[in-house]
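Biologist: I have this one open and want to go through it with you. Can you take my questions as they come?
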Amino acid sequence: MSDVNLKKLIGEALIEIVDAAKGGGKFVPIGLMSSGSELGSEEMALGGRLAQQQYPFIKVVMIGPRVEGFDDLEWIETDDCEADIQNAMEKALKEGRIKGAVALHYPFPLGVATVGMIHAPAKGKPLIISTSTGTSSANRVEAMVLNAIYGVAVAKARGIKKPEVGILNVDGAQMVYRSLRKLAEGGYDITFGSSVRSDGGPILRGNDLIAGSVDVCVTDTLTGNVLVKIFSAYNTGGNYEALGWGYGPSVGEGWGYVVSIISRASGAHVIANAIYFTAEVSLAGLPSLVRGELERARNAGLESILAQLESKGEGGKSRVEPPKPEPTDEEIHGIDVLTIEDAVKTLWASGIYAESAMGCTGPVVKVPSRFLDKAKEVLAEGGYL
């Protein structure tokens with residue numbers, strides 16, 4: 001997508017927002033799950049009400065069992081069952097009744113992740129964390145390269161024309177930086193930011209998260225998930241997320257919906273912010289922006305760069321292909337974060353579809369319920385449990 005088309009798309013979205021706020025345009029309907037929060041269903045509904053009060057162009061559509069006293073919100077009522085709520089949400093997305101959705105949980109397929117956003121306390125500015133749930137790729141470094149591209153797309157959806165990108169100093173950061181530099185040399189337009197530390201450069205430390213020294217912080221999903229949790233709840237004792245925008249909207253190749261994730265500990269203000277974030281990027285056409293960024297990256301040599309990373313990461317071993325994706329509704333806890341990707345591949349090799357994720361108590365492996373017992377046996381035999 002050219003800069004001219006990008007400006008036009010964002011301009012049309014802003015016009016729609018202004019018109020709706022004046023009462024002369026369309027409302028932007030955003031779905032919100034009503035059940036499953038550790039803080040209770042009323043907290044979810046309060047978040048929906050707060051979003052409508054703060055952002056008059058948004059119409060919140062609650063999905064799930066009705067909460068008394070919130071008739072000012074639109075409702076798609078279901079039984080108090082996660083599967084029923086998810087099915088109703090997906091139906092509303094497909095039919096266009098809602099433009100995006102905010103969920104406590106969603107079984108994204110491999111290749112889809114979410115881009116979160118935190119409140120950088122030193123400057124009071126938003127900082128995009130790419131990514132914070134889901135899995136962009138089974139190869140960790142490859143995933144972080146893709147996360148950089150996805151983070152840029154989300155930043156552009158927020159109206160940042162040339163977002164500054166930094167890579168968090170985690171395992172593989174230098175490989176990610178070299179890969180992104182190759183992309184830049186191939187013609188991909190990426191702007192690297194700089195650390196606030198004296199030596200500068202695009203490799204970020206914890207200080208940079210506090211300062212918000214860049215627009216997009218690239219990291220692996222597990223680390224990103226922890227960062228969002230810490231920055232959301234560091235002043236509340238940890239059991240109530242009071243700051244930020246949640247774990248962000250979903251992105252991925254061929255993924256056409258905007259489904260944003262919040263935590264079961266997210267409070268009303270975070271829920272309201274997540275609804276706004278979802279409406280903002282939905283209006284800007286986030287799936288289309290992702291397609292455009294991937295196309296430009298491919299034209300700059302993305303495929304060959306990822307192939308080189310894969311060959312280095314495999315260390316001469318044969319590649320393990322994942323089985324056909326299916327919903328993962330059970331979690332296996334107790335696996336060390338440093339071996340969790342190997343654990344997932346071990347399950348793949350046994351014919352069990354699995355995904356890595358960050359649960360409420362730490363890293364988890366998600367598997368279909370019908371494979372739960374077998375998966376535990378395979379992981380125990382492999383020394384992961």
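Modeller: Start with Glu-293, which sits in helix 9, residues 286-299. Keep in mind that this is a predicted model.

Biologist: Does Glu-293 count as buried or exposed?
Modeller: Buried, because its relative accessibility is 2% and the cut-off for buried is under 20%.

Biologist: Which residues is Glu-293 in contact with, leaving aside neighbours within four places in sequence?
Modeller: Ile-149, Val-152, Ala-153, Lys-156 and Tyr-188.

Biologist: Now the whole chain. How many helices and strands are there?
Modeller: The chain has 12 helices and 15 strands. It has 385 residues, and 56% of them count as buried.

Biologist: What share of the contacts join residues at least 24 apart?
Modeller: 71%, counting contacts between residues at least 6 apart in sequence.

Biologist: Which residues make the nonpolar surface patch of about 270 Å²?
Modeller: Val-226, Ile-230 and Tyr-234. Tyr-234 is in the loop that runs between helix 7 (221-233) and strand 11 (248-252).

Biologist: Last topic, the backbone. Is the peptide bond from Ser-130 to Thr-131 cis or trans?
Modeller: Cis, with omega near 15°. Most peptide bonds are trans. Thr-131 belongs to strand 6, residues 125-134.

Note on methods:
Residues are numbered from 1 along each chain as its sequence is written. This is a predicted model: local features need pLDDT of at least 70, side-chain atom pairs count only at pLDDT 80 or more; totals for chains, interfaces and linings use all residues. Side-chain values use heavy atoms; hydrogens and water are left out. Helices (H or I, at least four residues) and strands (E, at least two) are DSSP runs, numbered from the N terminus. Buried means under 20% relative accessible area, exposed over 50%, partly exposed in between (1.4 Å probe, protein chains only). Contact means heavy atoms within 4.5 Å. Patches are made of residues with over 30% relative accessible area and no salt bridge: like charges are joined within 9 Å, nonpolar side chains (Val, Leu, Ile, Met, Phe, Trp, Tyr) within 5 Å. Accessible areas come from the Shrake-Rupley method with a 1.4 Å probe; for residues, only the protein chains shown count as cover. A salt bridge is a side-chain nitrogen of Lys or Arg within 4 Å of a carboxyl oxygen of Asp or Glu.
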